[in-house]
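Please look over the sequence and the model shown here. A short briefing accompanies them.

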Amino acid sequence: MMRTAAAVPADVPALARRRRWRSLLQREAFPWLLVAPVAILVAIGVLFPLVYVLLLGSEDYSPYLGKPSQWVGLANYARVFADPSFWNALVASVIWVVGSVVPQFLLGLGMALVLNETFRGRGIVRTIILAPWAVSGVVTGFIWLWLFDGTIGVINDLLMKAGAVDAPVPWGIFTETTWAMVFVANAWRGAPFFAIVILAALQSIDPALYEAASIDGATRWQKFRFVTLPLINNAIVISTLLRALWTFNFIDLLWMMTRGGPAGATTTLPIYIFDVVYQKGEFGYGAALSVVLCVLLITFSAAYWQLNRMSRLP
Amino acid sequence: MANAFRSHRRRVLGTLAATAALSWMGTSRVHAQSGPTKITFGWPFANGAQGIEELAKLFSEERKAIQVEVQVIPQAQVIPRLTTAFTGGQAPDCMGMSDAWLAQFVKAGWLDNLESQVRASGLDNQIVPASMAIARMVNNQAHYVGFIVEPYALYYNKRLFADAGVSVPPRDVDEFRNVALKLTDRAKNRFGYYVLGGSGWQFQQWATWMVNHGGVGVNNTLYDAQGNCVLAGPKHVEGLAKWVALYQQDKVSPPASATGTFQDQTNAFNANQLGMVMGWGAYLTTLAAGIGEDNLGTAMPPAGPAGQFFFYGGNGFAINAASKHKDACWEFIRFMLKPEHNARWNQQYGAIPAVQSAWSADWLKAPKYQAPLEMLRRTPSLVNNPRYLPGYASFQIQFAAEQIQKTLLGRQTPQEHAKVVADALNELRIKAG
């Protein structure tokens with residue numbers, strides 16, 4: 001009885017604490033319970049592959065040779081930096097990205113400025129101009145490959161009929177003309193993306209700003225330079241960054257048109273990784289290459305973003 | 001407020017529990033059902049899916065106890081797709097298999113050893129020896145059963161031959177050069193031959209000139225008794241130099257062919273711009289459709305001073321080592337390899353059946369099939385190319401194409417080319433152990 005009498009006052013706060021905990025759990029844990037399926041899916045879909053690739057990059061794993069996987073630490077990463085094919089592929093990737101994104105951006109900007117004007121049939125013109133964006137990379141590759149074909153291509157036929165050349169131009173055997181060929185094909189497909197994004201930004205600009213600029217006596221170029229450009233800057237930065245990242249990782253169009261040739265000149269990093277992993281069967285080394293590629297892209301994105309921020313500081 | 005929250009929570013949890021229970025019951029019912037054994041058959045080639053689907057339907061109708069579902073795998077993505085499927089335990093029960101990928105999939109332990117079934121059924125005596133040699137390329141054990149066998153033959157345009165005053169296809173490399181020169185008329189954008197430099201079986205073309213000049217190694221492989229690749233020999237270099245000269249000096253090939261693909265070669269031939277091309281047996285249908293059945297001629301590749309050697313290949317059927325229905329898969333494979341079924345499928349595809357008794361079919365008596373059949377009968381002339389080495393797919397698709405492009409475009413000499421190729425093949429062999 002003594003114990004019971006003494007326990008009553010002690011149990012009351014314990015009971016209250018338990019209730020508070022239960023209430024807290026109900027309020028805090030329940031939302032987590034609802035979020036849990038998505039969180040698990042994200043963990044499975046994003047984090048697991050990332051961690052797996054990191055781990056695989058430290059292994060010598062070549063299933064096609066029937067050998068068990070072996071832990072090699074950082075040896076694969078050391079091999080990456082000593083591999084001349086990696087450096088060649090990196091240079092090819094930079095050429096591919098710069099040569100693709102710059103003309104695409106300029107074309108897309110021009111298209112957006114035209115589409116932002118009011119004229120008859122604007123809706124149809126918009127649809128036609130934006131259509132290539134809907135075509136897949138493989139199909140784009142096929143279309144342009146046949147147009148540029150060095151033996152039976154339409155472009156050569158037109159050039160010969162126009163008297164510009166005496167014999168068909170073998171576009172795909174010279175490094176420079178091969179790059180030109182794939183840049184044209186990629187510009188055809190990628191420019192509408194810039195046009196869509198920049199057009200959306202252009203349409204959000206208040207017309208009163210242009211009226212004010214006109215009253216101040218601004219020329220068309222000054223309106224573009226001091227009103228339009230600053231207001232679409234964010235759209236330009238995001239779209240060029242996204243397109244650069246996509247282009248860097250992009251394999252289908254380039255693969256369809258050049259297969260990495262001539263003599264390996266257009267073998268970009270993703271093409272090289274594809275060959276290392278699926279044709280040579282060196283999964284560990286391929287994973288190390290992928291990790292390096294990922295780090296390079298993150299560094300590039302951060303630097304680009306930071307440079308843009310710095311350029312906007314007063 | 002608290003009551004409402006609790007009640008709402010109960011409803012949500014109740015719904016989740018009911019959904020989970022219903023799904024579990026649904027799964028249980030599926031497991032409880034009994035019915036025919038279902039097997040999946042993966043078809044990883046660009047052509048021929050329709051014929052396989054017809055055979056699968058016929059088989060499923062005949063054997064009610066086994067139902068076959070054909071899954072078409074896009075050929076351009078086949079290695080990544082199958083590799084991912086095998087490693088994830090999701091690969092089809094059985095599948096079509098190219099000789100180019102067979103070794104690496106066998107070494108990875110993904111394909112069932114079919115040697116005992118092949119012997120017990122007597123299939124090893126029914127299938128052409130060349131195809132059985134491919135099937136047994138790893139450890140001398142059959143890991144696939146061939147359904148198609150293809151020599152790498154010479155195809156020519158009879159009309160262009162007649163226009164150039166050439167009556168018969170060339171028999172040796174010197175005749176080949178002369179015929180190619182006669183057929184070439186650059187002003188008309190017409191060429192004697194396509195010096196294939198791009199991706200897609202270019203290795204078989206220039207290597208034919210090399211082995212026909214310098215010969216093959218032990219057991220018709222490209223290695224000598226010490227295990228060194230023979231392709232760096234002086235006679236092999238001479239053969240390669242002659243092939244390269246067709247492009248660089250003789251200019252009997254379109255300039256674009258240095259990086260042109262097999263598809264580009266086909267397009268140009270079908271546009272009547274090429275007198276001769278080299279390619280696989282199944283090419284017959286495509287080329288006959290392009291320039292006309294009567295206009296297409298076939299011949300054996302030209303002989304060289306060291307003899308006449310032919311490259312050949314073939315696809316087969318394989319069983320997933322992890323399949324739970326291996327017996328059903330084998331039954332389906334046996335059905336597809338019945339002479340009438342094997343002949344039926346190959347007739348649609350235009351290729352040579354791997355089952356020899358199917359060779360008596362009437363359609364194979366057409367003149368265009370005689371050269372490929374004769375090549376396959378000459379077993380001692382067939383080159384055992386190193387597809388039995390894992391990594392050969394990368395060598396052929398990527399490495400060899402890059403090297404021959406460098407050579408054709410004058411960035412390395414035939415001698416340098418031969419050495420770098422021989423070194424790469426030696427490295428492949430050493431890696432394979």
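Predicted model: local features only at pLDDT ≥ 70, side-chain atom pairs only at ≥ 80, totals over all residues.

Residues are numbered from 1 along each chain as its sequence is written, and chains are lettered from A and ligands numbered from 1 in the order in which they are written.

**Sheet in chain B**
- An open sheet of chain B has four strands in the order β6-β7-β5-β8, with mixed pairing.
- Strands (E, at least two residues) and helices (H or I, at least four) are DSSP runs numbered from the N terminus; two strands pair if DSSP finds at least two bridges between them.
- Strand β7 (residues 274-279) of chain B runs parallel to β6(B), and two bridges join them.
- B:Y193 has B:M276 in β7(B) as its bridge partner.

**Contact between chains A and B**
- Chain A contributes 25 residues and chain B 37 residues to the contact, where two residues are in contact if their C-beta atoms, placed from the backbone, lie within 7 Å.
- On the side of chain A that touches chain B, helix α11 (residues 269-279) of chain A gives the most, with three residues.

**Residue A:P207**
- A:P207 is found in helix α8 (residues 207-215) of chain A.
- A:P207 is exposed because it has 7 other C-beta atoms within 10 Å; a residue is exposed at 12 or fewer, buried at 20 or more and partly exposed in between, with C-beta atoms placed from the backbone.
- The C-alpha atoms of A:P207 and A:A75 are separated by 60 Å, and the two residues are 132 residues apart along the chain.
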